[in-house]
Amino acid sequence: GAGPEAATRAASSFRLDVVDAATNDLLASVSGGDPGYDETAKMVSEAALALADGAPPPRAGGVWTPAAALGTVLVDRLRAAGMGFDV
């Protein structure tokens, strides 16, 4: 298959807002470029590199998401790769 053209991806972006349902206050936001190809590739690659660099493993068993398992190590890597995280 073929994905969108580079120009289409360059013109795409996303922003995810985390809002408190009780107060309607904005708690945090995550933003970046094209979520379907560019940012997904960054997230997977930076998570793998964080693990390869010896990021701390989860504290106990079970299934962990990359964000829960890698925490601020992953956030710092994604910020350096151009994604936005605001609290």
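Biologist: What makes strand β1 and strand β2 a pair, and in which sense do they run?

Modeller: Strands pair if DSSP finds at least two bridges between them; β1 (residues 14-19) and β2 (residues 26-32) have six bridges, in the antiparallel sense, so they count as paired. Strands here are DSSP runs (E, at least two residues), numbered from the N terminus. F14, for instance, stands opposite G32 in β2. This is a predicted model, in which local features need pLDDT of at least 70, side-chain atom pairs count only at pLDDT 80 or more, and totals for chains, interfaces and linings use all residues. Residues are numbered from 1 along each chain as its sequence is written, and side-chain values use heavy atoms, with hydrogens and water left out.

Biologist: How many residues lie between β1 and β2 in the hairpin?

Modeller: Six residues lie between them, and N24 in the turn has a positive phi of about 65 degrees.

Biologist: What pairs with β2 over three bridges?

Modeller: Strand β3 (residues 84-86) does, in the antiparallel sense. In β3, G84 is the bridge partner of S31.

Biologist: Why is S29 called buried?

Modeller: Buried means under 20% relative accessible area, exposed over 50%, and partly exposed in between (1.4 Å probe, protein chains only). S29 has 6% relative accessibility, and therefore counts as buried. S29 is found in strand β2. Leaving aside neighbours within four places in sequence, S29 is in contact (heavy atoms within 4.5 Å) with R15, L16, D17, G84, F85 and D86.

Biologist: Why is D20 called partly exposed?

Modeller: D20 counts as partly exposed because its relative accessibility is 26%. D20 lies in the loop between β1 and β2. Leaving aside neighbours within four places in sequence, D20 is in contact with D25 and L27.

Definitions and conventions. Helix = DSSP H or I, 4+ residues; strand = E, 2+ residues; numbered from the N terminus.
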